[in-house]
Amino acid sequence: MADIADTSTARRASNKDANAHAPRSGGALTPLAGISVSQWRALSTRTAEPNGYYLPEWELAVNASAPGRLDAAALGAWRDASTLIGLMPVISMWRAYKIPLPALVSADPYGTLCTPMLDRDMAEDAVSNIMEQARRAGAHALIFRATSLDGAAMKAFADVLGRDGIAPLVLQSHVRACLDATCDADEMLRDALGAKKLKELRRQRNRLAEHGAVNFDVAHTPADVAAAIETFLMLEASGWKGQRGTALSQDDGDAAFVRRATSALAETGQCEIVTLRAGETPVAAAIVLRHQDRAFYFKLGVDERFAKFSPGVQLTLELTRYLCADPAIRLVDSTAAPDHPMINPIWRGRLAIGDVLIPLRRRDPVVSLIRAALGLRGRIREPARRIVRFLRARQEKS
């Protein structure tokens, strides 16, 4: 019980821990930093469902310095002492929701996708192992936040639970934009936006070109990504996120995380930073992660002095053509909010995303209590959220 009351007290891993293999038996959770990076990386090449935000280079950078996201624990599944077949970074329910009940919650990887990594050839074994480790730690339920609802990972959990007559409980769900990158980009954009809108965007691009030739650059190498991340951070801080104080560069821990993560993933070819320039002036930049045949559109920053030329949209059109021309990418997850006003009209595919409660025992009254507590929390918080959104909208209009 103490293990899941607050995993933030888990000790920092030593160098010896960083090379650890399977955890010893017992109820204690393994610090995420204690998972072997080489085993984690090997699992990421075999995982049933891609998730760029749970790649070790990304999640360990988040875990090391991103405020509020430090010191997660790990639910790991091993085939043997040297083969990791499943991994779910977790925190306690108290830490996630300030609710003192025995559940483990997926750790926030700063990327609105918490689908766990499961070996595609041993997915159900991995699920059984993860669930058993959670039980030994005293948990009565797992809670996946922002998880793909129709993917292989959730199917594996549903199949394992079904053997005991249990079913996952979807707490909330929505759809968000995605791009079918196997299609012809220009044909897809004509269908999505229509000739009139595309003509207007071409007019805006021509006006933007009056400030200098418009170029789309892709940073691939670690050196180029290290330079491009500074451009991205500058652009992001110059806009509305900077005004709200939520730009990554405005917190030393966030800035350290994104610099470390993007640089490390560039070493493995899994991070690119795309930039749109007018002459020498960057007007928009975005971070894109790659995992298996999927890309993830993490964040976008724009120079709002050029807002009348729609620099974010112009960059997204170029990114769409770039990814559709890449045979290695099949799908691009926008990782955007539902009903996002910029990306939804351009990318017309949709992914079902939701929060899911996984009971660990049949007919467990504690699970009902957990579900009720989460429902009550949502009903209390939603009016407050609406008030905050209303006040922000008024402030931005004034």
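A charge sits over a ring if NZ of Lys or CZ of Arg is within 6 Å of the ring centre and within 35 degrees of the ring normal. In this predicted model, the charged end of R69 meets that description over the ring of Y110, 3.8 Å from its centre. The charged end of K299 likewise sits over the ring of F298, at 5.4 Å from the ring centre.

Before we go on, a word on the ground rules. The model is predicted, so local features need pLDDT of at least 70 and side-chain atom pairs count only at pLDDT 80 or more, while totals for chains, interfaces and linings use all residues. Residues are numbered from 1 along each chain as its sequence is written, and side-chain values use heavy atoms, with hydrogens and water left out.

**Aromatic rings**

Y110 and F298 turn up again in a cluster of ring pairs, together with Y53, W58, F257 and F296. Rings of Phe, Tyr and Trp (its six-membered ring) pair if their centres lie within 6.5 Å; planes under 30 degrees apart count as stacked, over 60 as edge-to-face and the rest as tilted. The structure holds 11 aromatic pairs. One of them joins Y297 and W347, and it is tilted because the planes stand at 45°, with the ring centres 5.7 Å apart. This pair links distant parts of the chain, 50 residues apart: Y297 belongs to strand β11, and W347 to the loop between β12 and β13 (349-359). Helices (H or I, at least four residues) and strands (E, at least two) are DSSP runs, numbered from the N terminus. Y297 and W347 are both buried; buried means under 20% relative accessible area, exposed over 50%, and partly exposed in between (1.4 Å probe, protein chains only).

**Nonpolar cores**

A nonpolar core is a set of buried Ala, Val, Leu, Ile, Met, Phe, Trp, Tyr and Cys residues joined through side-chain atoms within 4.5 Å. The largest one here has 62 residues, and W58, M93, I143, F257, I287 and I370 have the most contacts inside it. Helix α9 (residues 222-238) gives the largest share of this core, 6 residues. I287 touches residues including I229, F232, F296, Y297 and F298, leaving aside those up to four places away in sequence; contact means heavy atoms within 4.5 Å. A second, separate core of 36 residues includes M188, L201, I329 and I343.

**Salt bridges**

The structure holds 19 salt bridges, each a side-chain nitrogen of Lys or Arg within 4 Å of a carboxyl oxygen of Asp or Glu. Here are three of them.

| Pair | N to O distance |
|---|---|
| E124 and R163 | 2.1 Å |
| R207 and E210 | 3.7 Å |
| R290 and D326 | 2.7 Å |

E124 lies in helix α6 (residues 123-136) and R163 in the loop between α7 (152-162) and β7 (169-180), so their bridge ties together parts 39 residues apart in sequence. E124 is partly exposed at 28% relative accessibility, whereas R163 is exposed at 54%. R290 and D326 are both buried, and E272 joins them in a network of salt bridges.

**Backbone points worth a look**

Most residues other than glycine have a negative phi. K98, however, has a positive phi near 60°; K98 sits in the loop between α5 (93-97) and β4 (103-106) and is exposed, with a relative accessible area of 54%. Q292 has a positive phi of about 55°. This residue lies in the loop between β10 and β11 (294-302), and Q292 is partly exposed at 31% relative accessibility.
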